[in-house]
Amino acid sequence: MEELNCKTVFTIPVFGGIPVAESIVVTWIIMAVLVLLSVILVRNLKVENVGRKQLLLETGISFLYDFFYGILGEKGKRYITYLMTVVLYIGIANIIGLCGFKSPTKDLNVTVALAVMSIVLIEYSGIHAKGSKKWLKSFAEPIAIVAPINVLELFIRPLSLSMRLFGNVLGSFVVMELLKIVMPILLPIPFSIYFDIFDGFIQAYVFVFLTALFMKEKME
Amino acid sequence: MVQININLVFEIINLLVLYLLLRKFLFGPVMNVMEKRKAMIEGGLKHAEDTEKKANELKEQYEIALSSAKEKSGQIVEQAKLEAKRQADQILADAQKEAGQLIARGEEAVENQKQLAMQQMESQVAQLAMDAAYKIIGQKTSEENDLSLYDQFIEKAGDSHDTDSN
């Protein structure tokens, strides 16, 4: 059970000590890796005669871009970069447990932060696309009586987003730990492929897919 | 285990920083390059389209020029044919005229010959008549006789003629 807790790595000695959790430190590591990789990969980009490295990079990014563009369309083009950042971050955060780090997404603070960002972005996209008056009116659609439910959605959506991600990662971690207790050799391999890798990417995909879908809904 | 604390804020800051960093170092440059390539390809396509359009225009022009040239050459040939026909007709007419002239001249010559022959024949007939007269008279004496006879003949004939007229 010790492993499930998110330990405080260190405490900032101001205001009576601010605890910095492990998940935040791992997030810093992920950020450093992502930025370092981008700096290395993005060097010497060429318009013509691209190398294999650039081809792979462009294929990956245009795949993500086209995926989000297909959902959001021309109006939501400006949010694609953020969504791509989030999918990269969650994808890496979910599988970084394989490298011996503790997945940041196993900390509720991280998934809640992601979900809060998502709901802010969802509502912001609605306001930006329609103007605040129409955005407010959209809560009373299709009829006024559903307005409370629509307002409730403001909280349900981030809650379901964050809990889904948190629960999946935590659950798969627990299952893997139990399997390791039952039989430490060979048996965990196929399960690890499913729970750590496949489920990790699926959850990253689901998270950004739903965020994009809600944004699309709000923008219409 | 499940608690929300200040780390939520840290995570949000982390995400924003990561977003800005990745936009600056990863998505920005890559999208920029892709955008540039897209623009280049579009430019190339547009250029190709323009060139094709121009080529088509030129082709049309050439076709028009070609067809007009064909028409013109046809006209020239037609004109040449007409000219040739006209010349041939002219030559034929000239030849006919000349031939007619030649025939007329020939006929004239023949007529002259005939006249000449007639005159000769007349004189010969006179001789013949004279000879016949000699034969009838039965003698052929001399030149003087001849002349006297002739005179006599003329005289008689003239007399008779005179008497007739009288």
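Tutor: Let us begin with a term: helices are DSSP runs of H or I with at least four residues, strands are runs of E with at least two, and both are numbered from the N terminus. Keep in mind also that this is a predicted model.

Student: What elements does chain A have by that definition, and how do they run from the N terminus on?

Tutor: Chain A has seven helices and two strands, and from the N terminus on they run β-β-α-α-α-α-α-α-α. Leu186(A) is found in the loop between H6 and H7 of chain A, and Ile185(A) lies in that loop between helix H6 (147-182) and H7 as well.

Student: Why is Ile185(A) called exposed?

Tutor: The word exposed asks for over 50% relative accessible area, and Ile185(A), at 61% relative accessibility, therefore counts as exposed. Leu186(A) is judged in the same way, and at 63% relative accessibility Leu186(A) counts as exposed.

Student: What is noted about the phi of Leu186(A)?

Tutor: Most residues other than glycine have a negative phi. Phi of Leu186(A), however, is near 65°, which is a positive value in a residue other than glycine.

Student: Which nonpolar surface patch includes Ile185(A) and Leu186(A)?

Tutor: Both belong to a patch of about 890 Å², whose other members include Leu98(A), Val182(A), Met183(A) and Phe201(A). The largest share of this patch, four residues, comes from helix H7 (residues 188-219) of chain A.

Student: How do you know how H6(A) and H7(A) are oriented to each other?

Tutor: Two packed helices are described by the angle between their axes and the distance between the axes. For H6(A) and H7(A) the angle is about 180° and the axes are 10 Å apart. Because an angle over 145 degrees counts as roughly antiparallel, H6(A) is roughly antiparallel to H7(A). The residues of their contact divide into twelve nonpolar, five polar and seven charged.

Student: What makes Glu217(A) and Arg157(A) a salt bridge?

Tutor: The cut-off is a side-chain nitrogen of Lys or Arg within 4 Å of a carboxyl oxygen of Asp or Glu, and the side chains of Glu217(A) and Arg157(A) meet at 2.9 Å, N to O. Glu217(A) lies in helix H7 and Arg157(A) in helix H6 of chain A, so the pair ties together parts that are 60 residues apart in sequence. Glu153(A), Arg157(A) and Glu217(A) are linked in a network of salt bridges.

Student: Are Glu217(A) and Arg157(A) buried, partly exposed or exposed?

Tutor: Buried means under 20% relative accessible area, and partly exposed means between that and the 50% limit. Arg157(A), at 7%, therefore counts as buried, whereas Glu217(A), with 44%, is partly exposed.

Student: Why does the pair of Lys102(A) and Glu22(A) tie together parts that are apart in sequence?

Tutor: Their side chains meet in a salt bridge, at 3.4 Å from N to O. Lys102(A) lies in the loop between helix H3 (80-95) and helix H4 (108-130), while Glu22(A) lies in helix H1 (residues 22-42) of chain A, so the pair joins parts that are 80 residues apart in sequence. Both Lys102(A) and Glu22(A) are buried.

Student: Where do Glu83(B) and Arg86(B) lie?

Tutor: Both lie in helix H1 (residues 7-137) of chain B, three residues apart, about one turn of the helix.

Key. Residues are numbered from 1 along each chain as its sequence is written. Chains are lettered from A and ligands numbered from 1 in the order in which they are written. This is a predicted model: local features need pLDDT of at least 70, side-chain atom pairs count only at pLDDT 80 or more; totals for chains, interfaces and linings use all residues. Side-chain values use heavy atoms; hydrogens and water are left out. Patches are made of residues with over 30% relative accessible area and no salt bridge: like charges are joined within 9 Å, nonpolar side chains (Val, Leu, Ile, Met, Phe, Trp, Tyr) within 5 Å. Accessible areas come from the Shrake-Rupley method with a 1.4 Å probe; for residues, only the protein chains shown count as cover. Buried means under 20% relative accessible area, exposed over 50%, partly exposed in between (1.4 Å probe, protein chains only). Axes are lines fitted to C-alpha atoms, for helices over the stretch in contact, and angles run from 0 to 180 degrees between N-to-C directions. Angles under 35 degrees count as roughly parallel, over 145 as roughly antiparallel, 65 to 115 as roughly perpendicular and the rest as oblique. Ala, Val, Leu, Ile, Met, Phe, Trp, Tyr, Cys and Pro count as nonpolar, Asp, Glu, Lys and Arg as charged, and the others, Gly among them, as polar.
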